Amino acid sequence: MRHISHYIGLLFLTALFLIGSILFSTLYLNLVNQRTDEVLSGLLNRGNTHRDVLEKSFDQETIDHVSLMESASEFTVVVTDQKGKILKSSNRLTEEMKTELTHTEFQDQRKDLVLQTPTEHGNFLMTDSPITVAGSHRGHVFMFAPERLIQQVVKPLQQQFIQVGIIAVLLSLVTVALCTRLISKPLINMERATAKLRDGNLEVDLPIERSDELGALARSITQLAKDLDYVNRERTEFLAHISHELRTPLTYVKGYADILSRPDLPDSEKTMYLSIIKEESNHLSQLIEQLMLLARLDENQFSIDRLPLALDEVILSIAEKMRPAIEEKGLRFVVSGHPVTVIGDKIRLGQVLLNLLDNARKYTEVGQIEVEYGKNTAGAYFLVRDTGMGISAEALPHVKKRLYRSEPSRSRSHGGSGLGLTIATAIVQAHDATLDIKSEWHAGTCVTVQWKA
């Protein structure tokens, strides 16, 4: 991560260099070819002009006139007969020019030619304008142009391209430096933040206000830090609470067992203490079972039996078990609905309803608890509605989270480990259903388990 700016910079610079090289090379070649075509076109036009003059009067005087016209120019004109014998030239011919004329294939038809550019035997351009008089091939007008005419334009162009190239490289370096700093610095900060998280330091400060992918990554890391901090705090509180929950029934069992060992204890008290020991033992067994189920959920070893079952029978059975405890608090208990069949696990669904009814009983002091079941437009469902203290708006989004307990002090006063809704939600999801909670503070709670049609 510490060298990522080097990698990004090298990648950007390489890409810019390749693109710039291709663009500059293409532009340079196009300009050179364009200049070459212009020179050749002008050269061929001059040769054709001389040819036209000679075709009107192909004699020595006209040939000398054509030669004289080019003697002061940068070009060289050579007039030959039809067999290639040189009749006149405006300037002295170099050995390369003579060699090129010797190797030229003379054509007897009136066809203008641009010969090799540059030729094999010298750095010059050459054109051929055949002379035809009264339909008879009489000779040729050859025009030569030195290559320096092109170089006069190309060399300044090369210098300009070099200057522009240097400026482009410098600008590219500055751009790459800014871009890599813009990208690599936040990444390095995020690497340091994750290292702090690894070491247990959950205080991170990242640029979460950015609207790009780096901002999204920064927000994810920041949220991760918050989640880890939340989990750590909740785990500590959870372990402390579980330790208390386990210690309380054990203390009762041990204390009343010691009392039962007294020989003078009346039979009526023995019966009462045995009842308390049994109740606390059941509480302890239930808590251990929840912890074991939570461990299976963590290890993805949780499974259910998928069998057709009458949901209404499961609900009525659990409702009757809970009725004495609910009515003992002076609450009205209403169960209503219509027969409905689902695919699921009878024991696990009963566990869900038992948990929901137990929560409703714990947190409802006056009013009623209602169970409703049947089938709506979405599919099979059942719900538990109470008139209890409800759940605050701040706590409602979190009540199904593992280890979360709304209002810890209030939870302790009513009992419960904070595992019930977590386990119930997992069981419902395993049935391809949803568990939805609607609640208002001091206005009751409604929990709905809904299957899809």
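Is Arg 51 buried or exposed? At 3% relative accessibility, Arg 51 counts as buried, where buried stands for under 20% relative accessible area, exposed for over 50%, and partly exposed for anything in between, taken with a 1.4 Å probe and protein chains only. The model is a predicted one, so to speak of a local feature takes a pLDDT of at least 70 and side-chain atom pairs count only at pLDDT 80 or more, while totals for chains, interfaces and linings use all residues. Residues are numbered from 1 along each chain as its sequence is written, and side-chain values use heavy atoms, with hydrogens and water left out.

Helices here are DSSP runs of H or I with at least four residues, strands are runs of E with at least two, and both are numbered from the N terminus. An α-helix has 3.6 residues a turn, so residues three or four places apart point the same way. Asp 52 joins in as well: Arg 51, Asp 52 and Glu 55 are linked in a network of salt bridges.

Across the whole structure, a search turns up 14 salt bridges. One of them pairs Lys 254 with Asp 258, whose closest N and O atoms are 3.6 Å apart. These two lie in helix 5 (residues 213–260), again with 4 residues from one to the other, about one turn. Lys 254 is exposed at 57% relative accessible area, and Asp 258 is partly exposed at 43%. In helix 8 (residues 346–362), Arg 361 and Asp 358 are 3 residues apart, about one turn of the helix. Their side chains form a salt bridge at 2.8 Å, N to O, and Arg 361 is partly exposed, with a relative accessible area of 21%.

Helix 7 (residues 311–328) comes with a bend. Its 18 residues reach 26 Å from first C-alpha to last, close to the 26 Å expected at 1.5 Å a residue; the expected span is 1.5 Å times one less than the number of residues. A kink of about 40° lies at Met 322, shortly before the proline Pro 324. The bend at a residue is the angle between two axes, one fitted to the seven residues ending there and one to the seven starting there. Met 322 is also among the buried residues of helix 7, which include Leu 311, Asp 312, Val 314 and Ile 326. After the helix comes Gly 330, with a positive phi near 80°.

Next, strand 12 (residues 445–451). This strand is mostly covered, with 7 of its 7 residues buried. Thr 445, Val 447, Val 449 and Trp 451 are buried on one side, and Cys 446, Thr 448 and Gln 450 on the other. Strand 12 pairs with strand 10 (residues 380–386) in the antiparallel sense over 6 bridges, a pair being two strands with at least two bridges found by DSSP. In that pairing, Arg 385 stands opposite Cys 446. Strand 11 (residues 433–439) also runs antiparallel to strand 12, joined to it by 7 bridges, and Leu 435 has Val 449 as its bridge partner. The hairpin of strands 11 and 12 has 5 residues between the strands, and there His 442 takes a positive phi near 65°.

Positive phi values turn up in other loops. Asp 432, not a glycine, has a phi near 60°; it lies in the loop between helix 10 (420–430) and strand 11 and is exposed at 54% relative accessibility. Ala 134, also not a glycine, has a positive phi of about 55°. Ala 134 belongs to the loop between strand 4 (124–133) and strand 5 (136–146), and counts as exposed at 85% relative accessibility.

Terms used:
Salt bridge = Lys/Arg side-chain N within 4 Å of Asp/Glu carboxyl O.
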